[in-house]
Amino acid sequence: MPAVHHKLLLEEALQDSPQTRSLLSVFEEDAGTLTNYTNQLLQSMQRVFGAQNEMALATEQLSKLLLEYEKQNFALAKGDEEVINTLQHFAKSVEELNSLHAELASQIADKMVFPMVQFREKDLTEISTLKEIFSIASDEHEAAMVKYSRLPKKRENEKMKAEVVREVAYCRRKQHQAAMQYYCALNALQYRKRVAMLEPMLGYTHAQIDFFKKGMELVSKKMDSFLSSVSSMNQSIESQLEVDAEVMRSSQRELLSVDDTVYMPDHDQVPVNRALVQKAGYLNIRNKTGLVTTAWDRLFFFTQGGNLMCQPRGAVAGGMVLDLDNSSVMAVECEDRRYCFQITSPNGKTSLILQAEGKKEYEEWICTLNNISRQIYLTDNPEAVAIRLHQTALQAVTPITSFEKRSCFYSPPQSETRRPLEPEDLIVPGTPIQFDIVLPASEFLDQNRAGARRTNPFGETEDDDGDSDTHDSLLQQVFAVRFLGSMAVRAGHTQEVIYEAMRQVLAARAIHNIFKTSESHLMVTSTCIRLIDPQTQVTKISFQLKDVTQFAAHQENSRLMGFVLQGSDWSDGGEDQPSFSVFAFESNTEGEKICYTINLGKEISLAKKDPEALAQLMKAMPLTNDGKFLLLESETGAAVEAAGPDEQESEA
């Protein structure tokens, strides 16, 4: 008895992945091939029925077509060897008996032509109809998902959202039902195909034996056992079809008995898994269609090693989209859409904006991509490493959103023997981290009162006062940056403390899903460093350049930089003790440029004490036309272009 080795799994009908669609196309190709072959075979049978006077020629052609079954190259032909051998045996018998086939119109019509016509009109037509229904349901589901994806976040209407969610659930359920009916019909077709091929020939042979008793005694004795085995095989196939059909019906009822929340997006009850190193699912990707226009496409994305792959629906395999090693992933606000995040390559020249379907998928995608970016997948046990790093980072940092200082601050004695610095020597474990700089309301009002000066990134002011610390500055340079965080540290004169502070800030952001950052303008002058709001031009915070004791760019990610700020701590019995804090930033350009500018500002500040040294420094550096500001090297076009039109660095 031939077995069916290929089936469409009903459990995968709801996900509707590209792999399932690819397998579905194979079944559809098989059904199309079967339809063509069935039409040819039926035409041949009808010719046998109508060509009584040319029966010998018709049966000879029928014999040839029976042999052609083996050459049809069915996509799901595996396991049909018994059917092929049986048809070949029938073809040989037809060829031997072609001289005796006459006056068989009624018997041939009842036992040979009719079953094949019924198979074509009932089974193959059903496949075509279900295919069309499934296609319409899929289109309606895609349209519903597009409408759902466009739901606004800022002006969210709960009534509209509920209606759209119900529409998505209805369309998804409708597509699920149509898919399962279509899959069941295609699976059953693999059995009916075999019955349809064997039953007409079985009836045809019996008709020949019944009609031509004379001269068939010898032949019938040779074929009795063969026909009996074919009848048994046919009955076995039908019984197997009934069993499999009942299993599929039971599975279909079980799968349809689930709660409606299965069909609703953003209703996952399972907690977020932050230790994943592989992820797959549908995402919306933003593509540019013009200079200022964009379009969103819903595609199937999956990770493979350190690469992000994309597989369009119906494609056999996926293609690489982006190398994730050392890339950065962060949440972004994009076109008033929810659950959007951006992946940026290490050099900053390539970026993707993707949208997840729900909050759980959104958080898991960000965590998974961050894990892959750290190259955890190259270890022997990636998931265990990801869990261990997650737990270690949770113990190492406890981020808060205030500038609170620890009551005890350790300052190592100068007489201690120097040894390699450990993380505990640089930063006290559990030191609070500030992730944003919020301008106090009183300070905002003070800066916006009548007569107050507003900082301009190009050095211009509303009131040209002589008291301004930037009025006589020889250096003014503005960089577009994003503030990552700040924390108190123990040491202030080593670059290692900056690297360790960056590591803890980035780890805390990743653990607590703090990915949103706002862009600010970092103005470096020869006297101070200012962080300016680009919208209001209000100074968020200002540091004296003389208080900056150390600065450095990240060793691996050149877009990250930080500096150490020295202050005073009066908490220990009224004595003035030095305190240090690290401020970490991400820039649109290389962090080395900001460090170079800070170093230049300190050199100018020191040179002001010596007029001759200042004159030599001014001769070595080009000035603007009015002789007011130093001119630095202009940014490269590639770096500015990579930052985007809203994130380009400004220079004075």
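Ring pairs join Phe483, Phe543, Phe563, Phe583 and Phe585 into a cluster. The structure is a predicted model. Across the whole structure, a search gives 13 aromatic pairs.

A pair of aromatic rings is described by how far apart the centres are and by the angle of the planes. Tyr282 and Phe300 form such a pair, with 5.3 Å from centre to centre and 80° between the planes. The pair counts as edge-to-face, because planes over 60 degrees apart are put in that class. Tyr282 belongs to strand β1 (residues 280-288), while Phe300 belongs to strand β2 (residues 294-304). The two residues are 18 residues apart, and the pair links distant parts of the chain. Tyr282 and Phe300 are both buried.

Tyr282 has a further neighbour: Arg298 lies over the face of the Tyr282 ring, at 4.4 Å from the ring centre.

Strand β3 covers residues 307-311 and contains Leu308. Is Leu308 buried or exposed? Its relative accessibility is 1%, so Leu308 counts as buried; the cut-off for buried is under 20%. Leu308 and Leu322 are 14 residues apart in sequence, and their C-alpha atoms are 5.3 Å apart in space.

**Helix packing around α4**

Two packed helices are described by the angle between their axes and the distance between the axes. Helix α4 (residues 105-149) packs with helix α1 (residues 18-50), and α4 also packs with helix α5 (residues 158-211). The table gives the values for each pair.

| Helices | Angle between axes | Distance between axes |
|---|---|---|
| α1 and α4 | about 155° | 10 Å |
| α4 and α5 | about 165° | 8 Å |

How are α1 and α4 oriented to each other, roughly parallel or roughly antiparallel? Angles over 145 degrees count as roughly antiparallel, and α1 and α4 are therefore roughly antiparallel. The crossing of α1 with α4 is left-handed. In the contact of α1 with α4 there are 19 nonpolar, six polar and four charged residues.

By the angle of their axes, α4 and α5 are therefore also roughly antiparallel to each other. α4 and α5 meet in a left-handed crossing. The residues in the contact of α4 with α5 comprise 30 nonpolar, six polar and 12 charged.

Notes. Residues are numbered from 1 along each chain as its sequence is written. This is a predicted model: local features need pLDDT of at least 70, side-chain atom pairs count only at pLDDT 80 or more; totals for chains, interfaces and linings use all residues. Side-chain values use heavy atoms; hydrogens and water are left out. Rings of Phe, Tyr and Trp (its six-membered ring) pair if their centres lie within 6.5 Å; planes under 30 degrees apart count as stacked, over 60 as edge-to-face and the rest as tilted. Helices (H or I, at least four residues) and strands (E, at least two) are DSSP runs, numbered from the N terminus. Buried means under 20% relative accessible area, exposed over 50%, partly exposed in between (1.4 Å probe, protein chains only). A charge sits over a ring if NZ of Lys or CZ of Arg is within 6 Å of the ring centre and within 35 degrees of the ring normal. Axes are lines fitted to C-alpha atoms, for helices over the stretch in contact, and angles run from 0 to 180 degrees between N-to-C directions. Angles under 35 degrees count as roughly parallel, over 145 as roughly antiparallel, 65 to 115 as roughly perpendicular and the rest as oblique. A crossing is left-handed if the near helix is turned anticlockwise from the far one by less than a right angle, and right-handed if clockwise. Ala, Val, Leu, Ile, Met, Phe, Trp, Tyr, Cys and Pro count as nonpolar, Asp, Glu, Lys and Arg as charged, and the others, Gly among them, as polar.
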